[in-house]
Structures are given as structure tokens and as C-alpha cells.
Amino acid sequence: MAETGPFPDIRGEVVLRRLLEDTIADAVKRARVDMPSGEAAKYCAECGDEIPEARRRVLPATRICVVCQSARDADRTNVGINRHGSKYSQLR
Ligand SMILES: [Zn+2]
């Protein structure tokens, strides 16, 4: 008869905790890479406009202004749809 003790899943818990610690360490490492300076850019990396302080406070890692960000989001959600005469159409 196998004796499992009061914590039959103790091994599983240890593995799980190691996995969790690895995951957290990875996330921390990645977050540091994403925010090398820990500060937001003061000017938009795309159009050069000043990024409002409120936006920088809410999104400390942001590098582009809200106008460029929404343009990017729109581009991403409308992949395949030619909304505004893309540069490719000018090549014809
Ligand atoms: Zn911009």
C-alpha cells in the first residue's frame, strides 16, 4: 500500500512553483528590455509631436503619440483592407 502522506501532490507543487518562478523571472527580464530607460519618450517616434504628460504617465513605455498609436491600431485591425490608397497603389 503506497503511503502518499498528507500532501500527495507535493512534487507537483514544487515543479509548479519552479515553473512559476521561471515565468516571473522571464516576465521581469522582458519588461526590462521593453523599458530600457523606464521613462516614456517625450516626443513621438513617428511624427515628432510632443506626447502629452498624461499619456506618458498612463503608458510609461510609450514611444508614440495617441494619433500614431490609433493609426497603428487601425492598420492592424484593417489588414487587407485598402482604406486610404496605400503607397502600393501609387506604384501602378
Ligand atoms: Zn505621432
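This is a predicted model: local features need pLDDT of at least 70, side-chain atom pairs count only at pLDDT 80 or more; totals for chains, interfaces and linings use all residues.
How many disulfides does the count come to? The count comes to zero disulfides, where a disulfide would need a pair of cysteine sulfur atoms within 2.5 Å.

**The zinc site**

Let's start with the metal. Four cysteines coordinate the zinc ion through their SG atoms, at 2.3 Å: Cys44, Cys47, Cys65 and Cys68. Along the chain these donor residues follow the spacing C-x2-C-x17-C-x2-C. One pair among them, Cys47 and Cys68, links distant parts of the chain, 21 residues apart. Cys47 lies in the loop between helix 1 (10-34) and helix 2 (53-58), while Cys68 belongs to helix 3 (residues 66-77).

The arrangement is tetrahedral because the four donor atoms subtend angles of 103 to 115° around the zinc ion. For reference, the ideal angle for four tetrahedral donors is 109.5 degrees.

| Residue | Relative accessible area | Class |
|---|---|---|
| Cys44 | 5% | buried |
| Cys47 | 39% | partly exposed |
| Cys65 | 5% | buried |
| Cys68 | 11% | buried |

Cys47 counts as partly exposed because its relative accessible area is 39%, and buried means under 20%.

**Around the site**

Cys44, Cys65 and Cys68 also turn up in the largest nonpolar core, a set of five residues that includes Ile51 and Ile64. Leaving aside neighbours within four places in sequence, Cys68 is in contact with Cys44, Glu46 and Cys47.

Methods:
Residues are numbered from 1 along each chain as its sequence is written. Side-chain values use heavy atoms; hydrogens and water are left out. Donors are N, O and S atoms within 2.8 Å of the metal (3.2 Å for Na, K and Ca); water is not among the atoms, so sites may look incomplete. Four donors count as tetrahedral if all angles lie between 85 and 135 degrees; four count as square planar and six as octahedral if opposite donors are over 155 degrees apart and all others between 65 and 115; anything else is irregular. Helices (H or I, at least four residues) and strands (E, at least two) are DSSP runs, numbered from the N terminus. Buried means under 20% relative accessible area, exposed over 50%, partly exposed in between (1.4 Å probe, protein chains only). A nonpolar core is a set of buried Ala, Val, Leu, Ile, Met, Phe, Trp, Tyr and Cys residues joined through side-chain atoms within 4.5 Å. Contact means heavy atoms within 4.5 Å.
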